[in-house]
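Thanks, everyone. Please have a look at the model on the screen, and then I'll take you through its packing.

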Amino acid sequence: MPTTRDMWRIAAPMILSNISVPLLGMVDTGVTGHLDSPAYLGAVAIGGTIFTFLYLGMNFLRMGTTGIAAQHYGAEDYDALRVALGQALIVSLGIALLILLLQAPVGNLSIALLGGDAETKAHAATYFFIRVWSAPGTLANYALIGWFLGLQNARVPLYIFLAINLTNIALDLLFVIVLGMDVDGVALASVIAEYTGLALGATFALRELRRHPGHWVRERLTKLSAYMAFFAINANLFVRTMALMFTFAFVTAQGARLGPAILAANAVLMNFQNLTALALDGIAHAAEAMVGKAVGRKDDHALRGTVALTLRWSLYFAAAFTAFYVVAGPLIVRTLTDLPDVRATAMVYLPWLVVSPLISVWCFLYDGVYVGMTRAREMRNIMVFSTLGVFLPAWFVTQGFGNHGLWFALMAFLASRGVGMHLGYRKSARAALRPNVP
């Protein structure tokens, strides 16, 4: 039966890993924000947005690998565990090579769409065409992190995150502050950092493989037909991620149409949602690994115990965040901006973020559960329905309420995902426990 200790052994390192990511963004902003032109800061913001969108769309490599690896680990099928790692790395390399081949049209089109003056665009291009060479390292790290989580090992992903972010921070300071580089230094730091993380992850992977003796099944790595299960899971996760990204991009775009004060206030308030996600995602990662292991063992008792345990702790955290935002929400708003109109506007819509943890906790947790069960098709269907059948209609009907209508639509979207996965959980669990591990 899974225990609280089992959960925190995975969740705690992943929460720490998540917290390290915004720290890097702050350093990137800090070093470019002190250069002699605001164009450098704008260029890194544009370039960072491009890669956030590009790489977030590839996050299925991490999610899909976790569920598959966890099930094989639970079944103690160490040959299949090697196949899971090999297929994920081969696919990640193939996607990275495609990005590199298409870098010119992707980069030029993205920079043109995001706008900016001529100087900012020129610096953004410099940043993009250097950092794009991190693609093989970044996507391979996704695969490795997902694989280690599947093995119930969250320490190595933490080490990889720390290696990437600490190396990036150190090289940012060296290249920009000491050597006098600008956006080229920030981009080069990111490239070197990703491959540093990859080298560390590969070293730990070799050590882990020696602990679990098995054979590399060459046919399952070289024949396209052997990738069908992998592609089926990850294609569904890709569609699911695109629908999620569309929803949040739509919120930003509609906020911009409501005026600069609304746009800025919504950006401030999104930090509350992101902070909640840092904690709840850590527990969801634990659910992925523990559920996958239970499914691999065909242990319904362990599966139900894992869901109950991780859901309980997720609700504790959600309630704590809601209480924290009630008490500290105004202070956080004042800390994040000193613009009077933005502060006043953010305070009007703060109540939506106070209740958000209690609404979004369900979809965060069940995302992890469904990833562990490798029920990607169901995740896709629920996400697409929540976007097209709930979010957009809710926004359309409540447009007359302005930004309140926009936040209502987002809360309805989050609630719909949680309710949909909760209602479909038992059916999905029964399907996952059948003897057909991918």
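I'll cover the core, one serine and the aromatic pairs. Keep in mind that this is a predicted model.

Core first. The largest nonpolar core has 127 residues. The members that touch the most others are Leu61, Leu139, Trp147, Leu303, Val369, Met373 and Tyr425. Helix H12, residues 260-296, supplies the largest share of this core, with 15 residues. There is also a second, separate core of 5 residues. Leu280, Ala318, Val361 and Phe364 are among them.

Back to Leu303. Beyond four places in sequence, Leu303 touches Val291, Ala294, Val295, Met373, Tyr425, Ala429 and Leu433.

Now the serine. Ser92 sits in helix H4, residues 78-101. Is Ser92 buried or exposed? Its relative accessibility is 1%, so Ser92 counts as buried.

On to the aromatics. The structure has 22 aromatic pairs. Take Tyr159 and Phe204: ring centres 5.7 Å apart, planes at 35°, so this pair is tilted. Tyr159 is in helix H8 and Phe204 in helix H9, so the pair ties together parts 45 residues apart in sequence. Tyr159 is partly exposed at 36% relative accessible area, whereas Phe204 is buried at 18%.

Next, Phe272 and Tyr325. Their ring centres are 5.0 Å apart and their planes are at 70°, so the pair is edge-to-face. Phe272 lies in helix H12 and Tyr325 in helix H13, so this pair links parts 53 residues apart in sequence. Phe272 is buried at 1%, and Tyr325 is buried at 1%.

Last item: Phe51, Tyr55, Tyr127, Phe128 and Phe129 form one aromatic cluster.

How values were computed:
Residues are numbered from 1 along each chain as its sequence is written. This is a predicted model: local features need pLDDT of at least 70, side-chain atom pairs count only at pLDDT 80 or more; totals for chains, interfaces and linings use all residues. Side-chain values use heavy atoms; hydrogens and water are left out. A nonpolar core is a set of buried Ala, Val, Leu, Ile, Met, Phe, Trp, Tyr and Cys residues joined through side-chain atoms within 4.5 Å. Buried means under 20% relative accessible area, exposed over 50%, partly exposed in between (1.4 Å probe, protein chains only). Helices (H or I, at least four residues) and strands (E, at least two) are DSSP runs, numbered from the N terminus. Contact means heavy atoms within 4.5 Å. Rings of Phe, Tyr and Trp (its six-membered ring) pair if their centres lie within 6.5 Å; planes under 30 degrees apart count as stacked, over 60 as edge-to-face and the rest as tilted.
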